[in-house]
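Got the viewer open and a cartoon on screen? Here is a short tour of charged side chains, one selection at a time.

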Amino acid sequence: MTPRPRDAGDGAADLIVIAKEPVPGQVKTRLTPAYTPAEAAALAEAALRDTLAAVAAAPARRRVLALAGTPGPWLPGGFEVVAQRGGGLDERLAHAFADARAGDPVGRPLVLIGMDTPQVTPALLARAGRALRARDAVLGAARDGGFWLLGLRRPDEALLLGVPMSRPDTGALQLARLRAAGLSVAAMPELTDVDTPPDARAVAAAAPGGRFAAAVRALGGRTLTGRAAEGTVPA
């Protein structure tokens, strides 16, 4: 059952998820050839469902999905959908903040996450929102050197545009950009993004009760070449 969206208390942030429609061959391509494109898309959909469920259960007044593609049955109620804009990821992130802010006359703080951390919890999202009561920004580092969460009290495209993305130092460069702008920054716990088969196994083990973990178990353990890993039995 999809959790009913929660209303926010005073001071909480609004939430943004930036995601791709889980289409085979277009999402989670680094999971292949261990998983087929269809299997990788199934894992992406499971990760997206877990992420959206966590966002739906976290305190917020507005929840925005910045989507590349078309909404599907995986989208619960209570979300505003905006199309992703821009070329590089830095542009798409900056525009996601701008588009979410454009729909909010009050100008509440915004917390953005992707679809690659299905282990995220409502409590973590609430913690990020609370951090923006005292800090200008909040950043969650990813284990691969990127970041899985970015929250801004006053979103500004200049805080993102031009930051090199998908590099081992992306998180450090984004943090440096925030600090160079004179912002105070709170840190969130480090999480693992699901990019590779080992990432998938690690995240499934960290959050065994989610849809993503169930999908990983159903497909069985995989080596990098797609063969069943020793000692693994599909659920």
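Which side chain does arginine 49 meet in a salt bridge? Select arginine 49 and glutamate 45 to find out: those two side chains pair up, with N and O 3.1 Å apart. Keep in mind throughout that this is a predicted model.

Now colour residues 37–57, which make up helix H1. Both arginine 49 and glutamate 45 sit in that helix, four residues apart, or about one turn.

Next, pick arginine 62 and glutamate 80. They form a salt bridge whose closest N and O atoms are 2.9 Å apart. Arginine 62 lies in the loop between H1 and strand E2 (63–68), while glutamate 80 belongs to strand E3 (residues 80–83), so this pair ties together parts 18 residues apart in sequence.

Is arginine 62 buried or exposed? It is buried: its relative accessible area is 12%, and the cut-off for buried is under 20%.

Together, Asp14, Arg62, Glu80 and Arg108 are linked in a network of salt bridges.

Move on to arginine 85 and aspartate 99. Their side chains meet in a salt bridge of 2.9 Å, N to O. Arginine 85 is in the loop between E3 and helix H2 (89–102), and aspartate 99 is in helix H2 itself, so the pair links distant parts of the chain, 14 residues apart. As for cover, arginine 85 is partly exposed, with a relative accessible area of 38%.

Time to zoom out. How many salt bridges are there by this rule? The count comes to eleven.

Go back to the cartoon and trace the protein chain from its N terminus: the elements run β-α-β-β-α-β-α-β-β-α-β-α-α. That gives six helices and seven strands to click through.

Finally, show the whole surface. The protein chain has 235 residues, and 49% of them count as buried. Its accessible surface comes to about 10600 Å², with 54% belonging to carbon and sulfur atoms. If you draw the contacts with a separation of 6 or more, residues 24 or more positions apart account for 65% of them.

Terms used. Residues are numbered from 1 along each chain as its sequence is written. This is a predicted model: local features need pLDDT of at least 70, side-chain atom pairs count only at pLDDT 80 or more; totals for chains, interfaces and linings use all residues. Side-chain values use heavy atoms; hydrogens and water are left out. Helices (H or I, at least four residues) and strands (E, at least two) are DSSP runs, numbered from the N terminus. Buried means under 20% relative accessible area, exposed over 50%, partly exposed in between (1.4 Å probe, protein chains only). Contact means heavy atoms within 4.5 Å. Accessible areas come from the Shrake-Rupley method with a 1.4 Å probe; for residues, only the protein chains shown count as cover. A salt bridge is a side-chain nitrogen of Lys or Arg within 4 Å of a carboxyl oxygen of Asp or Glu.
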